[in-house]
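Here is a friendly walk through a two-chain model, one topic at a time. Please keep the structure open beside the text as you read.

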Amino acid sequence: MKKTIVTVVGKDAVGIIAKVCTYFANNQINILDISQTITGGYFNMMMVVDMSASPKPIKEAAHELAQIGEEIGCVINCQSEDIFDMMHRI
Amino acid sequence: MINIYEVAETNRMIEHENLDVRTITLGISLLDCADSDLETLKKNIYEKITTTARDLKKTGDDIEAEYGVPIVNKRISVTPIALVGAGACKNSDDFVELAKTLDEAAKEVGVNLIGGYSALVSKAMTKADELLIRSIPKALKVTDRVCSSVNAASTKCGINMDAVRLIGQMIKETATLDAVNSSQACMKFVVFCNAPDDNPFMAGAFHGVTQADAVINVGVSGPGVVKRALENVRGESFETLCETIKKTAFKVTRVGQLVAKEASKRMNIPFGIVDLSLAPTPAIGDSVADILCEMGLEHAGAPGTTAALALLNDQVKKGGVMASSYVGGLSGAFIPVSEDQGMIDAVKAGALTLEKLEAMTCVCSVGLDMIAIPGDTSESTIAGLIADEMAIGMVNQKTTAVRVIPAAGKKVGDTVEFGGLFGYAPIMPVNSFSCDAFVGRTGSIPAPIHSFKN
């Protein structure tokens with residue numbers, strides 16, 4: 001299974017996780033792990049998700065999540081896990 | 001599993017420190033296109049390029065979206081055209097026709113530059129080589145995306161001074177023909193010593209004859225990432241400095257390796273090499289000169305610059321080599337003037353001279369790059385500059401190159417604007433004492449004694 005990493009960074013506000021999770025539920029994207037911190041008033045969340053059952057290709061999902069991010073004032077990235085594995089694991 | 005801090009670090013590099021894959025360059029062999037009829041040759045070349053590179057742009061865009069890392073350029077390099085066109089081209093204008101074909105093919109597949117309008121003449125020129133070199137000014141004038149290069153020297157063959165002299169004339173002619181555009185056409189031409197045949201970076205990319213039919217080469221970049229990492233080790237020892245550069249270079253190169261392998265898989269074209277280069281752009285924070293300053297220099301060009309650059313270049317290679325299965329191309333720190341805001345500032349401050357840049361080229365890739373010089377610089381002076389740089393490469397068994405822009409009508413103190421990624425450049429003074437009688441001699445400079453290793 002190829003995992004995808006979704007990151008949400010922005011000002012903390014009510015309903016950020018709800019918005020993102022609703023998108024996942026609507027697109028058959030399964031959440032495997034969530035970690036979250038708030039540093040300096042900024043909300044910083046990482047989700048590890050499985051998109052293998054989703055009808056959406058990652059490119060399209062990344063685009064739509066970025067749009068949701070704009071609506072709620074956050075930066076949302078959706079990237080294949082490979083780039084992080086390559087960079088941080090030997 | 002990957003943790004949130006590692007993810008945040010990668011994304012900070014991409015979003016704030018200009019980490020990107022500078023280019024995916026698809027090398028295409030045109031040897032099988034050769035024909036004695038010019039029209040057939042043109043048709044063969046166009047079809048080979050547009051078929052092989054059909055999915056290049058889309059593949060690059062898809063990978064960019066999937067991994068969230070910008071892939072700035074998608075480019076093509078081809079077999080040196082002097083070889084491909086030797087049978088069909090009877091004069092320089094015939095070669096210009098081939099340049100137009102390359103331009104059309106590049107536009108059709110949506111790549112921004114195509115390299116390989118080239119000749120390999122380190123020992124001597126064939127008739128076709130000479131015709132191609134003579135056609136360069138016109139070819140660069142009538143095309144938009146074609147890049148040209150000549151390998152005029154090598155450690156094994158010496159320096160072809162007849163070619164160097166001719167190239168001096170051609171650079172001058174290119175500048176004059178393109179005077180209305182600040183002689184920008186000169187940016188699309190570079191002359192090499194020891195040119196690598198798997199280089200993905202323009203203007204010097206060509207697909208060497210030792211290569212496969214098609215190959216994917218990738219050039220990574222990230223001066224801003226190195227600069228940022230060094231901000232955390234101010235005042236620390238050289239050991240710490242070197243370790244920091246190595247670790248950062250490793251991370252940057254891994255991204256290039258990933259993109260190269262993925263592009264290779266998706267296009268079903270073999271992976272060639274990753275070029276581990278620090279290639280600056282005029283964007284603030286994307287400067288090699290800024291790294292040198294972060295190491296402790298007031299400006300690039302100050303005493304200590306050559307040592308700092310040597311250290312940087314070596315550590316980039318040491319960190320990068322482990323990150324990729326195949327490394328090649330130019331690999332090292334680039335020191336172009338007009339594409340690096342820190343270099344421009346150093347020139348303006350009077351800290352950086354042409355002579356210091358020449359010294360710096362002894363310890364890094366590549367050479368005198370993107371340097372604007374007065375429009376009235378003579379052909380023989382340009383040839384002399386090239387000969388010096390070729391000598392450095394030949395004797396030190398490394399790649400060196402010259403890409404200068406004798407900006408028509410401009411003099412020292414002026415600035416020449418190139419726009420976009422190419423930036424702008426202050427006109428740098430050139431030593432005006434004559435070398436006419438030296439470069440006027442015919443023939444070539446023999447290979448150095450240490451080239452006889454067999």
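## Chain B as a whole

In chain B, 80% of the contacts between residues at least 6 apart in sequence join residues at least 24 apart; a contact here means that two C-beta atoms, placed from the backbone, lie within 7 Å. This is a predicted model, in which local features need pLDDT of at least 70 and side-chain atom pairs count only at pLDDT 80 or more, while totals for chains, interfaces and linings use all residues. Residues are numbered from 1 along each chain as its sequence is written, with chains lettered from A and ligands numbered from 1 in the order in which they are written.

You will find 15 helices and 13 strands in chain B. Both are DSSP runs numbered from the N terminus, with helices being H or I of at least four residues and strands being E of at least two. The C-alpha trace spans about 60 × 55 × 50 Å along the principal axes of chain B. For 454 residues a compact globule would have a radius of gyration near 22 Å, and the 21 Å of chain B agrees with that. The radius is taken over C-alpha atoms, and the globule rule is 2.2 Å times the number of residues to the power 0.38. Of the 454 residues in chain B, 61% are buried. Buried means 20 or more other C-beta atoms within 10 Å of a residue's own, exposed means 12 or fewer, and partly exposed lies in between.

## An enclosed strand

Now look at strand β8 (residues 271-278) of chain B. Here 8 of the 8 residues are buried, so the strand is largely enclosed by the rest of the structure.

Strand β7 (residues 214-221) of chain B runs parallel to β8(B), and 4 bridges join them; strands count as paired when DSSP finds at least two bridges between them. Within this pairing, B:Gly219 has B:Asp275 as its bridge partner. β8(B) is also joined by 2 bridges to strand β9 (residues 332-333) of chain B, again in parallel, and there B:Ser277 stands opposite B:Gly332.

## A closer look at B:Arg165

Is B:Arg165 buried or exposed? This residue of helix α7 (residues 161-177) of chain B has 22 C-beta neighbours inside 10 Å, so B:Arg165 counts as buried.

Beyond its neighbours within four places in sequence, B:Arg165 is in contact with B:Ala383 and B:Val439. B:Ile386 is 221 residues away from B:Arg165 in sequence, yet their C-alpha atoms are 8.9 Å apart in space.

## Chain A

Chain A has 3 helices and 4 strands, and from the N terminus on its elements follow the order β-α-β-β-α-β-α. Its radius of gyration is 13 Å, close to the 12 Å that the globule rule gives for 90 residues, so chain A is as compact as a globular protein of that length.

The C-alpha atoms of chain A fill a box of roughly 35 × 35 × 20 Å along the principal axes. Buried residues account for 31% of the 90 in chain A. Among its contacts between residues at least 6 apart in sequence, 66% join residues at least 24 apart.

## Where the chains meet

How many residues of chain B are in contact with chain A? There are 18, and they touch 20 residues of chain A. On the chain B side, the elements giving two or more residues are α1 (4-16), α3 (56-67) and α9 (238-267). α1(B) gives the most, with 6 residues.

By class, this side of chain B has 9 nonpolar, 4 polar and 5 charged residues. Nonpolar covers Ala, Val, Leu, Ile, Met, Phe, Trp, Tyr, Cys and Pro, charged covers Asp, Glu, Lys and Arg, and the others, Gly among them, are polar.
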